[in-house]
Amino acid sequence: MDSQLALLQDEVREAIARIAHAESLELFRVTYLGKKGKLTLQMQRLKDLAPEERRAFGADVNRLKNEVQQAFDAKTAEISRPNASRDSVDHTLPGLRPPVGRLHPITQTIREISAIFGRLGFESVTGPEIETEFHNFTALNIPPDHASRDDVDTFYTESGHLLRTQTSTVQVRVMKSRKPPLRVIAPGRVYRPDTVDASHSFMFHQIEGLMVDGETTFAELKGTLYLFLKEFFGPKTKVRFRPHFFPFTEPSVEVDISWGSRGWLEILGAGSVNPRVFDAAGYDSKRVQGFAFGLGVERIAMLRHGIDDIRHFYENDLRFLEQF
Ligand code: PHE
């Protein structure tokens, strides 16, 4: 190769390797490939050469020109793709964190409570939200003339079904499908025709508990609830049992925990299973006994986290949800 052309070849290869920006691309184009560019000028030397040298020289210039044009095109493509360009990405910057979801505070609370009862041998089961009067009332010893059955007192469907008002329905369903002994909890939604305010909602969550065998007593109910409440709210939590009435338990209690300056707060209802419920569910009430309890999940989550309005749970406001 002609020595002048060989020098230019080295120069142009180096120059193209150094290009990093669109501006230097244009400068390169003018310097080497333009009308008065260094490669174009080499072509003009042809006429000064001896005829026998022209052929080889012409071929060399053309080959170099093609090589440079290809390298130039490749560089242009590389620089116009900003993210792929080596120099436009700063690998030391922190990455962009993709938004990661999380469990709703109600789901978290249900899982925490279920885990504690799970360690006590309670299996988690579910039942339907659209129920029959039998499961929601009759089998639970709530007579037909009871006020809560009034059709303005809950949500009925046209087919005569209703949205369950309590998870106690699952007690009946479980006993109808399984033999004793059993230990279950049943978390889920319940519906009541309550006017919505800071502490009421037409829909909320309960967790039902049921233990049945030949000799389960009220003392075991107390022990189980003490264990749960101290595990969930802390070992110093004070617990109080107050006599109450539920048609499906006998005797029945409401259970309160002490809450600082706010005094005693009701947290759940419970009792020994009423023999009439065993009869309705097909168990032999002379041979089994057990206890049941039902707690409100929202209430517990509100106490636990200091939430002052039940409506926060249902508004899907990320500023609220991201705190848990
Ligand atoms: N079902 C009752 C309620 O909704 C709670 C409860 C459940 C009470 C089981 C006793 C036993 O208020």
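**Ligand contacts and helix packing in a predicted model**

Good morning. A nitrogen atom of the ligand is placed 2.9 Å from a side-chain N or O atom of glutamine 166, a polar contact in the sense of a pair of N or O atoms within 3.5 Å. This is a predicted model, in which local features need pLDDT of at least 70 and side-chain atom pairs count only at pLDDT 80 or more, while totals for chains, interfaces and linings use all residues. Residues are numbered from 1 along each chain as its sequence is written, and side-chain values use heavy atoms, with hydrogens and water left out.

Let me stay with the ligand. Serine 168 has a side-chain N or O atom 3.0 Å from a ligand nitrogen. Which residues come nearest to the ligand? Of the 14 residues around it, they are Gln166, Ser168, Arg192, Gln206 and Glu208; a residue counts as near if one of its heavy atoms lies within 4 Å.

I turn now to the helices, which are DSSP runs of H or I with at least four residues, numbered from the N terminus. Two packed helices are described by the angle between their axes and the distance between the axes. The axes are lines fitted to C-alpha atoms over the stretch in contact, and angles run from 0 to 180 degrees between N-to-C directions.

Helix H5, residues 105–119, packs against helix H8, residues 218–233, at about 135°, with the axes 10 Å apart. H5 and H8 are therefore oblique to each other; under 35 degrees counts as roughly parallel, over 145 as roughly antiparallel, 65 to 115 as roughly perpendicular, and the rest as oblique. Among the H5 residues that meet H8 are Ile113, Ile116 and Phe117, contact meaning heavy atoms within 4.5 Å.

H5 also packs against helix H10, residues 297–305, at an angle of about 95° and with axes 10 Å apart. That makes H5 roughly perpendicular to H10. On the H5 side, the contact is made by Ile106, Thr109, Ile110, Glu112 and Ile113, and on the H10 side by Val297, Glu298, Ile300, Ala301 and Arg304.

Finally, helix H1, residues 3–18, and helix H4, residues 51–80, have axes that come within 11 Å and cross at roughly 5°. H1 is therefore roughly parallel to H4. The H1 residues that meet H4 include Leu5, Val12 and Ile16. Thank you.

How values were computed
Helix = DSSP H or I, 4+ residues; strand = E, 2+ residues; numbered from the N terminus. Polar contact = N/O pair within 3.5 Å; in protein donor to acceptor, adjacent residues only side chain to side chain.
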